[in-house]
Amino acid sequence: MHVVHGSRLRGPQTVRAEVCVIGSGSGGAVIARELAEEGFDVIVLEEGPYHPLEEYSRWRPMETFRRMARAGGSTIAVGAKGSPTVNVLAGSCVGGGSVLTGGVCFRVPDAVHDEWVELLGTDSLSTRAMQPLYHRVEEMVHVEEVPVDMRPASTVRFAEGAEKLGWPLKPLRRNTKGCCGCSRCNFGCPHGAKMSVDLTYLPRACERGARVYADHRVDRLRVEGGRITAVEGRLVTDPDRRSGDRFVVHADHVIVAAGTMHTPVLLGRSRIGRRSRQMGRNLTLHPAFRAMATFDEPVDVWKGALQSAYSDAFEHEKLMFVSASAPMNMLAAGLPGVGPEWMDRTRAIPHLATFGFMLHDDPSGRVRRTLGREPFVSYAMSESDRTATRRGLELISEAFFAGGAREVLLPIFGASPIRSMDELGPVLDDLDFRRIECFSFHPLGTCRMGTDASHSVCDHTGRVWGLDNLWLADGSVVPTSVGVNTQIPIMTMATRIAFAFAEAARA
Amino acid sequence: MPADATALVAPPKRTRLLSDGRLRILRAAIEAFVHDGESTPPPARLDRVTLDADDYLASTTGTSRIAVWFALTVLQLSPLLAIGRPRLFTGCTIQDRQRCLERLERSRFVAIALLAAAIKAVSAFIWFEHPRSLASTGYDGLCRTGGERPDAPLAERPGEDA
């Protein structure tokens with residue numbers, strides 16, 4: 001795949017294209033490929049660098065984070081009103097977040113599709129209508145079931161516990177081909193077995209004539225006469241990632257897929273979509289929590305697929321349990337103690353099992369523009385989500401103990417491990433949510449679709465209200481939290497938007 | 001001040017964010033975290049890890065950088081309030097630094113506990129990427145299928161043999 005590196009260009013640049021896609025992640029890459037297939041002249045602008053598989057497959061986890069995650073993986077949603085502060089992971093590279101996901105593939109649950117049909121008044125968002133789009137996406141990224149024998153012993157032990165309690169785990173589906181089970185998918189698969197968009201959609205888009213420009217940071221969209229007339233930005237220098245020379249892209253149509261955090265920031269900076277007062281609001285995060293447990297025998301958490309099994313048995317309580325691992329250094333960071341105690345615990349990592357759960361949360365967050373480039377993100381967890389979190393901690397501890405765990409380490413800063421369910425009660429009674437270690441990999445909804453300009457930023461086809469040639473195609477347009485991993489939902493929504501766009505552009 | 005705290009060797013191509021003074025605090029914290037009471041962490045590895053941690057911090061958000069800057073400042077001044085020692089953190093013994101970090105980690109003030117967690121996280125992220133530190137966790141570098149990994153996590157790089 002040929003990629004233009006902005007960091008290697010000198011002097012101001014001007015480019016012309018029929019369609020300019022901003023962002024090369026799960027939304028941007030998909031729409032670029034679909035439109036290139038339809039014969040459009042497409043250019044993809046990506047703020048992050050391009051690192052081919054041959055490069056990132058040799059890096060250590062933190063090297064990948066430094067070079068491919070937004071702000072080294074340090075983006076946070078600041079907890080408001082006693083909520084936990086959430087670490088939000090997003091990609092900043094060609095391929096975006098898809099390079100850094102665990103590869104879990106879910107379709108949007110039927111109940112959520114039904115909710116969308118009701119909210120937006122269109123049957124085109126129903127499960128039935130979107131079925132062919134799901135097929136198209138899943139075929140492209142090679143979605144397959146994770147075989148049971150790819151589960152690490154750590155997951156097997158948790159599964160045994162959950163089964164004893166009456167909620168057996170189910171196999172996950174992921175976009176992989178030839179996974180060897182080394183548990184580091186979310187730092188770029190070293191084997192190239194995860195079918196991220198840099199290995200699937202973008203090369204196909206390029207084969208059809210699309211051009212991919214890395215190190216191109218978009219500052220604003222120029223609006224004149226109800227249309228976007230230019231995309232303006234700066235080239236990004238390497239390795240210090242500073243702004244360099246200017247560039248301008250003149251395109252007939254612009255599609256923003258800069259991600260849930262940055263799409264509203266770019267629109268706001270361009271003075272677009274402010275009338276609705278919804279831009280940057282309605283943020284959902286699917287807050288995710290990881291608990292660890294110590295077993296007497298080794299469970300080698302790293303030997304197997306990073307994510308292999310799940311349970312939706314408590315979906316009605318807003319909970320989805322998903323197996324999850326992490327590199328050793330990340331696991332070590334979550335272990336309690338200092339000096340001898342901590343080092344003893346790190347030496348026992350082979351005995352450490354991990355499992356996680358995430359919340360189908362209420363829209364409780366907000367993205368605001370700041371003076372700098374990064375947004376200020378706040379998140380005030382709702383009362384029902386707090387209840388669900390407590391319940392999740394209880395269920396995950398129960399399953400670990402039922403699976404034979406000696407102790408459970410809850411994701412609470414400064415908390416001691418618990419050795420029985422009796423010890424859990426006081427912990428939950430005194431729980432200060434600000435101390436909970438919490439992650440998000442699925443932010444959604446900051447420029448949601450809707451039926452009118454006063455309650456949404458774009459219509460159900462992704463077109464921004466009041467602008468003829470501006471479309472959105474990333475997680476920001478998703479109208480509600482979906483309760484499952486968002487890679488396939490975003491790709492499918494982008495496919496739908498691509499077809500709607502092609503039809504409208506031709507008309 | 002610990003004897004090795006000033007022996008910071010700067011490898012090429014690293015981005016510097018922290019001042020020398022704050023690097024010394026960070027190094028002293030990493031040393032306290034990883035000192036197991038028996039063997040002393042190799043000074044050259046500590047130097048390398050400290051600079052690597054600084055390079056990582058340079059890639060993070062402005063908010064994170066401010067938080068780390070603030071955390072290191074609090075840490076440097078913490079021995080008096082945390083363990084009743086009227087000294088700077090970098091001037092304490094390993095044992096006192098460990099007690100101090102332990103108190104901060106368990107502090108009833110959430111902000112203090114989170115700042116301590118942030119320093120610990122950065123220390124762990126970088127320290128346990130060194131092949132020998134990584135091997136000390138019992139990690140064998142093998143995949144489920146037993147194949148070799150292109151990233152060779154346990155292979156040392158030039159200059160990394162400390």
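Reader: What share of the contacts in chain B with a separation of 6 or more comes from residues 24 or more positions apart, and what makes two residues a contact?
Author: In this predicted model, residues 24 or more positions apart account for 59% of the chain B contacts with a separation of 6 or more, where two residues are in contact if their C-beta atoms, placed from the backbone, lie within 7 Å. Local features need pLDDT of at least 70 and side-chain atom pairs count only at pLDDT 80 or more, while totals for chains, interfaces and linings use all residues; residues are numbered from 1 along each chain as its sequence is written, and chains are lettered from A and ligands numbered from 1 in the order in which they are written.

Reader: Which elements does chain B have, and how are they defined?
Author: Helices (H or I, at least four residues) and strands (E, at least two) are DSSP runs, numbered from the N terminus, and by that definition chain B has six helices and zero strands.

Reader: How many residues of chain B are in contact with chain A, and which helix gives the most?
Author: In chain B, 44 residues are in contact with 43 residues of chain A. Helices α1 (20-34), α3 (62-83), α4 (94-105), α5 (110-127) and α6 (131-136) of chain B each supply at least two residues of the side that touches chain A, and α5(B) gives the most, with nine residues.

Reader: Why is strand β13 of chain A described as largely enclosed?
Author: A residue is buried if 20 or more other C-beta atoms, placed from the backbone, lie within 10 Å of its own, exposed if 12 or fewer do, and partly exposed in between; seven of the seven residues of β13(A) (residues 288-294) are buried, so the strand is largely enclosed by the rest of the structure.

Reader: What makes β13(A) and β16(A) a pair?
Author: Two strands pair if DSSP finds at least two bridges between them, and seven bridges join β13(A) to β16(A) (residues 352-359), which run antiparallel. Within this pair, M292(A) stands opposite T354(A).
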